[in-house]
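Dear colleague,

Below I am passing on the structure we spoke of, with the sequence beside it. Please look it over before reading the notes that follow.

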Amino acid sequence: MMKELTTQELKQINGGALGTYLLVAGIVIFIIGVIDGYVRPLKCR
C-alpha cells in the first residue's frame, strides 16, 4: 500500500548526487577538449 508523503518528508529526500558529478565531469572534459583543439589543431585525414 502506498503512503502519501508530507511536505516535510519530501524535503528530506536526497538524490541526484551522481548525476551532478557526471555533469560537472562532462563539462570539464568538454572544456579540456576545446582548449586542446585550439592549442594543437589536428588536420583532417
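This is a predicted model: local features need pLDDT of at least 70, side-chain atom pairs count only at pLDDT 80 or more; totals for chains, interfaces and linings use all residues.

Leu23 sits in helix α2, which covers residues 17–39, and together with Ile27, Phe30, Ile31, Val34, Ile35, Tyr38 and Val39 it makes up a nonpolar patch on the surface, whose members have about 900 Å² of accessible area together. Leu22 also belongs to helix α2, and at a relative accessibility of 56% Leu22 counts as exposed.

As for the chain as a whole, there are two helices and zero strands, and the C-alpha atoms occupy a box of roughly 60 × 20 × 10 Å when the principal axes are used. What share of the 45 residues of the chain counts as buried? The figure is 0%, where buried would require a relative accessible area under 20%. The chain has an accessible surface of about 4900 Å², and 68% of that surface belongs to carbon and sulfur atoms.

Turning to charged side chains, I would note that those of opposite charge can pair when their charged atoms come close. The structure holds two salt bridges. One of them joins the side chains of Glu9 and Lys3, with an N to O distance of 3.0 Å; of these partners, Glu9 is partly exposed because its relative accessibility is 26%, a value that lies between the limits of 20% and 50%, whereas Lys3 is exposed, with a relative accessible area of 61%. The side chains of Asp36 and Arg40 also meet in a salt bridge, here at 2.7 Å from N to O, and Asp36 counts as partly exposed because its relative accessibility is 34%.

Two separations along the chain may also be of use to you. Leu22 and Arg40 are 18 residues apart in sequence, and their C-alpha atoms are 26 Å apart in space. For Gln12 and Ala25, the separation is 13 residues in sequence and 26 Å in space, again taken from C-alpha to C-alpha. Gln12 itself is located in the loop between α1 (7–11) and α2, and Gln12 is exposed because its relative accessible area of 54% is over the 50% limit.

With kind regards

How values were computed
Residues are numbered from 1 along each chain as its sequence is written. Side-chain values use heavy atoms; hydrogens and water are left out. Patches are made of residues with over 30% relative accessible area and no salt bridge: like charges are joined within 9 Å, nonpolar side chains (Val, Leu, Ile, Met, Phe, Trp, Tyr) within 5 Å. Accessible areas come from the Shrake-Rupley method with a 1.4 Å probe; for residues, only the protein chains shown count as cover. A salt bridge is a side-chain nitrogen of Lys or Arg within 4 Å of a carboxyl oxygen of Asp or Glu. Helices (H or I, at least four residues) and strands (E, at least two) are DSSP runs, numbered from the N terminus. Buried means under 20% relative accessible area, exposed over 50%, partly exposed in between (1.4 Å probe, protein chains only).
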